[in-house]
Amino acid sequence: MSEVATRSESFVRVATSLTNRVIRPLLETLGGSFPNTSPIQAERDGQCSYWFGFCERFPPSTKVSFSIDHDVPFEKAEICFEATMMPVFVKLNDRDKLVFPLDRVNENAVVDWVEERLLEFLHAYLRIDRGADDFDEDAASDPVCGMRISRSQAVSNQNFNGHPYFFCSSQCAERFRANPASFLQTTTDCNQDNT
């Protein structure tokens, strides 16, 4: 039993070291490149995640997460990568796993693997970039579905609290009309002057 306890303590040291020295700094670097990101707080030990919130330029809500787990006898560790993007606009490698013996941690290999996952994610995320040139006076986003539309071509528009909203379909307009606050509470816009 003491052998398992020793391996358990070793796992905690390895997981803490990799999270603090490799995963968190790389994820912070990526997150710091976008104004619509924030770290997810109060996660379990060995987990590190960033939230990429909705904004006009990057419409999907996205989460990137790494966690470090172990097998039952604490002989192997695995780093798990998960990315979620809602709605999904592009092909995304949303899950991957790196497994290694707990007593032979190669930090450089972990750095390379984490960087590859983040670069794959970044490539997919930047493919949805609407670009600064797309934000003319005519551009808007439907507050119900998030679709990017032209104000002049909107199927419907409504005012709420003195602000105009534009809709891609009559269904979205009706859903908004029934309960506007429910759609506006969950939408934080990092380019408010372009709505």
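**Helix packing and salt bridges**

1. In this predicted model, the axes of helix α1 (residues 2–31) and helix α2 (residues 107–127) come within 11 Å and cross at roughly 25°. Because angles under 35 degrees count as roughly parallel, α1 is roughly parallel to α2. The crossing of the two helices is right-handed.

2. On the α1 side, the contact is made by S17, L18, R21, V22, I23, L26, L27 and L30; α2 contributes E107, V110, V111, V114, E115, L118, F121 and L122. Of the residues in this contact, twelve are nonpolar, one is polar and three are charged.

3. Eight salt bridges are found in the structure as a whole. One of them joins R95 to E82, with the closest N and O atoms 3.2 Å apart. R95 belongs to strand β5 (residues 95–101) and E82 to strand β4 (residues 76–86), so the pair ties together parts 13 residues apart in sequence. R95 is exposed, at 52% relative accessible area, whereas E82 is partly exposed at 32%.

4. D96 forms a salt bridge with R117, the closest N and O atoms lying 3.4 Å apart. This pair links strand β5, which holds D96, to helix α2, which holds R117, across 21 residues. D96 is partly exposed, at 27% relative accessibility, while R117 is buried, at 6%.

5. R117 also meets E120 in a salt bridge (3.1 Å, N to O). These two residues are three apart in helix α2 and therefore separated by about one helical turn. E120 is partly exposed, with a relative accessible area of 33%.

6. Salt bridges link D96, E116, R117 and E120 in a network.

Note on methods. Residues numbered from 1 in each chain as written. Predicted model: local features only at pLDDT ≥ 70, side-chain atom pairs only at ≥ 80, totals over all residues. Heavy atoms only, no water. Axes fitted to C-alpha atoms, helices over the stretch in contact; angles between N-to-C directions. Helix = DSSP H or I, 4+ residues; strand = E, 2+ residues; numbered from the N terminus. Parallel < 35°, antiparallel > 145°, perpendicular 65-115°, else oblique. Left-handed = near helix turned anticlockwise from the far one by under 90°. Contact = heavy atoms within 4.5 Å. Nonpolar A, V, L, I, M, F, W, Y, C, P; charged D, E, K, R; others polar. Salt bridge = Lys/Arg side-chain N within 4 Å of Asp/Glu carboxyl O. Buried < 20%, exposed > 50% of the residue type's maximum accessible area, 1.4 Å probe, protein only.
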